[in-house]
Amino acid sequence: MKITMIGTGYVGLVSGACFADVGNTVLCLDVDSRKIDMLNAGEIPIHEPGLDTLVARNAAAGRLLFTTDYNRAVAHADIIFLAVGTPPDEDGSADLRHILAAARSIGERMEKQLVVVDKSTVPVGTADSVRDTIAAELKKRGKNVPFAVVSNPEFLKEGAAIEDFMRPDRIVVGSDDAHATKMMRQLYAPFGRNHEKLIEMDVRSAELTKYAANAMLATRISFMNELANLAEVLGADIESVRMGIGSDPRIGPHFLYAGMGYGGSCFPKDVKALLKTSRDHKQSLKLLEAIENVNEAQKNILFGKISRHFGGDAALRGKTVALWGLSFKPNTDDMREAPSLVLISQLLAAGCKVRAYDPVASNEARRQLIGSLGEEAFARDVTLCDSAWDAVEDADALALVTEWKEFRSPDFERLAGALRGRAIFDGRNLYDPALVMEAGLTYHGIGRPGHN
Ligand code: UGA
C-alpha cells in the first residue's frame, strides 16, 4: 500500500519504518526541514533501539522516503496517518493545532479517495473535528472526494517501540466506514498473523481506549507508590508485596513497581488531558485527580530521604550527590517530565552539587537543565560525567534514578570506598538491600526496610 505518515516524531518514524519493513511504500512528511534533511542524510533524530538499522534498510530499498512537500505527500497516499505532536496546553488539554493544520493541508490538496488515520493521542471527538476540517476545505474547492477518518491509537513504549509495533498485543481501530475498516485490516494483517489482534470499535471508543489504557497504568503505579510509603512506616517491604499480589492473574505482574513517580511524554500528559476532558463535560474523575497528585508528591520522595539522612536541608549545603541515570526510564534519551529533573532542582536549591551520568541522555539533559537553571548555575553546580564511576568520584551519596542495565550490579565495596557519606538512595528498588549494607553502605529504597 502507499502510505503517507505526517509527523516524523517518535510515533510517526517508528510506525512509518515498520510499515515500510513489511513491504509498503511509506512517505514521511515533516514541516521541520531540518529533521527531513537529517533523515535523508541517514541520521535519526531520536534514540530508539534498532530504529537506525530499520530506517536505513527501508530507505535503501526505496520503501521509506522523506519529504517536506505536502503536494507530494497527499498525492502519494491511499492512507494518510496523522502522527503529529499534541503537546499539552496550559490548562492540560491537548493542543490540536498541528493535527488540524495537517487536516487542512490534506483537504486543500486531495483528489482521490483517502483514508485518514489519527495515530496521535487526541481527545475524544478529534476525529470528528478532523473530518469537518477536511470536508470544509473540499467544499471551498468545490470538490466531492470520498474519505473516512479512522482512530488507530498507538501503544508503543519508548525503548521497545519496534518490538511493540511488530508484535502488538492489540491493534485498536475505531471506524464508522466499511471501506476504511477493510483497508486497515489489510494494512495490519502482517502484524497479527497467528492471532486475531485487531479490535474494531466506533471512533470515540477507540479515542477513549488510548486514554483509558494510560490512565489505568498510571493508576497502578500511583497505587503502588502510595502503598510503598505505607509499607515503609510499617516495616514491610513493597517488593515482597508486589510479588505477592502480582502473581494473582487478575492483577498481573506488570506496572506494579514503586519508584520515583511516572514521567515521560505520555502518562503525565494523558492523565492531565483526560482530567481536562472530564471537566469540560462536567464530570469529575476523583480517582484520576488523586493519581496525579500522588505522582507529583512521589517525585519529591528521594530528596526527602537524602535530606533526612544528612540531618535536614541545612546540612546538605556543600554536599555532592551522584546521580546514576537521568532519562525518565531506561533505553531512551527522553527527559520529558523525568523525575531526575525534580531531584536535581531540589538538590541545587539545598546547596548541593550534582555529578550525573546517563548512558545516552546527557545531551538532552544538558539542554533541559540549561533551559531551567540557566548557563551559569548549570556550569557551577552540575557536572555531567562520562561514566558511572566518574560520577561517584568525590560524592557524598549516590542516587540511583534510572534503572539502566549497566547499573544493575555495581561493585558495592568499591562504592563504599568512593562515597564519602557511604549512602545509596535507590529510587527504583534495583538493589538487594542486604548486599548493599554488607558492603558497609547505608541503603534507602522506596517502601522497603534498609538503612544501617
Ligand atoms: C507509555 C505506555 O506504556 C505505552 O503503552 C503508550 O503507548 C505510551 O505511554 C504512549 O502513550 O505513547 P512510555 O511513556 O514509553 O509508554 O513508558 P512506560 O514504560 O509506560 O513508563 C512510563 C513511566 O512509568 C516511566 O517513568 C516509568 O519509570 C514509570 N513506571 C513504569 C513505574 O514507575 N513503575 C512501573 O511499574 C512501570
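Residues are counted from 1 along each chain, following the sequence as written. Since the model is predicted, local features need pLDDT of at least 70 and side-chain atom pairs count only at pLDDT 80 or more, while totals for chains, interfaces and linings use all residues.

Let's start with the overall layout. The protein chain is assigned domain 1 (2–201), domain 2 (211–295) and domain 3 (299–444), with bounds that come from an automatic or database domain assignment. Between domain 2 and domain 3, the C-alpha centres are 24 Å apart. Nine residues of domain 2 touch 14 residues of domain 3, where being in contact means that the C-beta atoms, placed from the backbone, lie within 7 Å. On the domain 2 side, three of these residues are nonpolar, five polar and one charged. Here Ala, Val, Leu, Ile, Met, Phe, Trp, Tyr, Cys and Pro count as nonpolar, Asp, Glu, Lys and Arg as charged, and the others, Gly among them, as polar.

Next comes the ligand. Around the ligand sit 20 residues, with Glu-158, Tyr-257, Tyr-262, Gly-264 and Cys-266 the closest; a residue is near a molecule if its C-beta atom, placed from the backbone, lies within 6 Å of it. The shell is made up of 11 nonpolar, five polar and four charged residues. Domain 1 and domain 2 each supply at least three residues to this shell. Helix α9 (residues 203–234) gives the largest share, three residues; helices (H or I, at least four residues) and strands (E, at least two) are DSSP runs, numbered from the N terminus.

The UniProt record, an unreviewed entry, puts its "binding site" annotation on Asp-30, Lys-35, Thr-86, Thr-121, Glu-158, Lys-269 and Arg-336. UniProt positions follow the numbering used here, feature names are shortened, and annotations may be inferred rather than shown by experiment. The annotated residues span 307 residues of sequence and are spread in space too, up to 23.9 Å between C-alpha atoms. One of them, Asp-30, is found in the loop between β2 (25–29) and α2 (33–40).

Finally, the sheet. Six strands line up as β11-β10-β9-β12-β13-β14 in an open, parallel sheet, with pairing taken to need at least two DSSP bridges between two strands. Because β11 (382–384) and β14 (442–444) are at the edges with a single partner strand each, one side of each has no neighbour in the sheet. Strands β9 (residues 320–324) and β12 (residues 397–400) pair in parallel over four bridges, and Ala-322 has Leu-398 in β12 as its bridge partner.

How values were computed:
Two residues are in contact if their C-beta atoms, placed from the backbone, lie within 7 Å.
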